[in-house]
Each structure stands twice: as structure tokens, then as C-alpha cells.
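Dear colleague,

Please find below the structure that I am handing over to you. My findings follow directly after it.

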Amino acid sequence: MALIHLTVVTPEGKFYEDDAQRIVVRTTGGDVAILPHHIDYAAALSTGEARVTSPDGTVRRAQVSGGLLHVASDDVQVITHSFAWKEE
Amino acid sequence: MAGASMKDIKLRIRSVESTMQITKAMQLVASSKLRGARARMEASRPYMKVARRAVWDIALHNTGAESQYVIPREVKHRCYIVLAGDRGLAGSYNANMFKRIEWDSRDANCCVIPIGRKAREYYNRKGVKIITEVDKVEGLTLEACAEIAQRVLDSYDAGEYDEVVLAYTSFVSVLTQKTKLKPLLPLDTHDAPERTSRQMLCEPDADTLLKGFLPQYLAGLIYAAACDSFASEQAARRVAMDSATKNASEMIEDLSLRYNRARQSSITQELTEIVAGAEH
């Protein structure tokens, strides 16, 4: 199964780095889902929820406020100043 | 008289000893701060790397109409964001930075944004135009960096200056730190890899995207540079205080030797006097 490689960085440190099936983020144009084999892509993030589907199918939610989404050949990078998991 | 000089030497030993206590304490403080500062510096590096690549990708994406932030302007006014120390007694850490900028800034009008007390004091004294200032490098927050970044971008858009340079000290090792001048605006794309022919999709479009992200990006860069500089400052202070402590202990050794000699010679003299008195 193809996976994307997700990296979340903030100036205070690399927040998260792992493979994932899918990530959904809120961009300025609306929610966008990134799946494997996505075209190289960049979008501005707005404040909202991000949903990361890990390889085993579990979904984690996180609060992101602003930043940039950058996709380059299955390397998905969320570059933001604030990223926090919402743990149930 | 031997007695008076013995007293003098004793006083000097005591004063050097108290100086040594201070330098030793400062060295310990610097080492413990260095540990934290290095961790923060290491943590800020991935952001730099990832964000820089993303910005390059976007900036170079539309080669037809290059972004206004990539095209260099003729430099008449330059703005330096200067990261120096909060305190002195760090060897040549602060002086190196000011010298480097003075040398670099001779070809254009310049203004500065000093960060750190020493930088602020220096440019106040020199009478260089100060845009805004921050008093402390230690614990500089992302919010403060964002404020500076926004300010710089607004002025750059308004054409108040043609180039923005970030001056900081890069931590190489505990023994070596290097002053660095990093051009922030226009965006430095010299090291950027050649853009492949792969298509890239930008939403809404490359220019808007870049404009929206730049304040955050610059804030991140300033933050990372501040972490780097602070680690360098602590390392420089540690080394300077280490050698000061060594010098002090050498001095004490030397003075003790002189003190003992003086004591010995005064005893000898007393003995000779007593013996001479007894023979009469």
C-alpha cells in the first residue's frame, strides 16, 4: 500500500514525522485531502482541524493555526507555528 | 619593608581570589545555559530546512513572472537585524558582530533592528537609525519575532529599504562561533536546487501563497537565528570565563610564591638580628 511521508515542523522543533495513509487539512480554500501520489502542491493553511490517518487506519485530529502545506513527491510537510493533537 | 609588602601581597591574593570566584560562577552559569540553548538550537534546525525548501519551490515555481520578493533591487538602503548579546564578558562575541556589520554596511545607507541589550546600547551610542528594538535575546518568543518580521515586510513593500540582512552568530562548536550575514529579503535563492520540470500546483497562486507565508517564514528564521546566537553567546562566555579563571589561578600561584618568599626572608632577617644581639 502506498503511503505518504508526513512531517510537521514548527520553529520550536520537529513535531511529528511518520508515514500516513492520508491527511486532511484546512487550507484557505477549504479542506484538502492529500493521498499518496499527489501532484506537487503548496497551499496556505488557515486555522482549523487536521486529520491524519495512520497506516493502521486510526485517525488522529489536531489543531493547526496557519502555515503552509507543501507536497513534493509523497513527502508531505506541514510548516506551521502551532500544531497540537486533540486527544480524546 | 618586608612586612608591608607581605600585607600588600596578601590583599592582592584575596582580590584575585574573589575575581576568580566570580569568573568561575559565570562559567558554570554559561555552561548550564549552553546546554539548554543548544537543545533549542538543534530543535529549530529542521524547520529552517523544510521551510526553506518549500519557499524555494514556491518562489522559483513561476519562473515566467518572478515574485517581487525574489528580484533583487538596487541597494540604497539596507536594514540589518542584528542579534548580539544581552551581557558582556563573552570574549569578542559582541565586538566581532559589530565590526562585521560596520565593514559590510559601508556601501549603503543602513538602519538596524537591534536584538539584545548590547546591540541596542551600541547602536544608540553610534547614532544609527533604529527601526525597532528588542531588549533580550534570551527567551525571545516567536510572537516577538513575528512582530519584527511583519514590520520588516511592510517597510520592504513600501520601499523603505531594498535589502534586509539578518546578522547572527552561528554556533559551530563550543570553541568556534562564526558571525553570519544572511539576506532575508529579497529571498536568497542562490543555493536553491535547480527546479525540475515537475509540475507544481499552488493554491491560491504562488505569489499570494508566498506573501501569506513570508511573515511566518521570516519569523521562523529570526527565531532560529536567535537560538543559534544565544548558544554562541553562552559558548563564547564559557570559554572566556574559563581562561579568565585559569589566568586568575596562575596569578594566585605566582603571588603565593612571592608571599612565601617575603615571609621566609623576614624570618631569616629576624633570626639574624636575634643571633647578632646574642653574640654581643
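At 1.5 Å a residue, the 74 residues of helix α5 (residues 206-279) of chain B should span 110 Å, and the end C-alpha atoms of this helix are 107 Å apart, which agrees. Please note that the model is predicted. α5(B) also has a bend of about 40 degrees at B:Leu214. A proline, B:Pro215, follows within four residues of that bend.

Chain B also contains helix α3 (residues 117-126), in which B:Arg117, B:Lys118, B:Ala119, B:Arg120, B:Tyr122 and B:Tyr123 are buried. The packing partners of the buried residues of α3(B) are β1 (77-83), α2 (93-104), β2 (109-115) and β3 (129-130) of chain B. Just after α3(B) comes B:Gly127, with a positive phi of about 75 degrees.

I turn now to the interface. Contacts link 24 residues of chain A with 24 residues of chain B. On the side of chain A that touches chain B, two or more residues each come from β1 (4-10), β2 (13-20), β5 (40-45), β8 (67-72) and β9 (75-79) of chain A. β5(A) provides the largest share of this side, five residues. By type, the residues on the side of chain A that touches chain B comprise ten nonpolar, eleven polar and three charged.

β5(A) is also joined by four bridges to strand β6 (residues 200-203) of chain B, and the two strands run parallel. Within this pairing, A:Tyr41 has B:Leu201 of β6(B) as its bridge partner.

With kind regards

Conventions
Residues are numbered from 1 along each chain as its sequence is written. Chains are lettered from A and ligands numbered from 1 in the order in which they are written. This is a predicted model: local features need pLDDT of at least 70, side-chain atom pairs count only at pLDDT 80 or more; totals for chains, interfaces and linings use all residues. The expected span of a helix is 1.5 Å times one less than its number of residues. The bend at a residue is the angle between axes fitted to the seven residues ending there and the seven starting there. A residue is buried if 20 or more other C-beta atoms lie within 10 Å of its own, exposed if 12 or fewer, and partly exposed in between; C-beta atoms are placed from the backbone. Two residues are in contact if their C-beta atoms, placed from the backbone, lie within 7 Å. Ala, Val, Leu, Ile, Met, Phe, Trp, Tyr, Cys and Pro count as nonpolar, Asp, Glu, Lys and Arg as charged, and the others, Gly among them, as polar. Two strands pair if DSSP finds at least two bridges between them.
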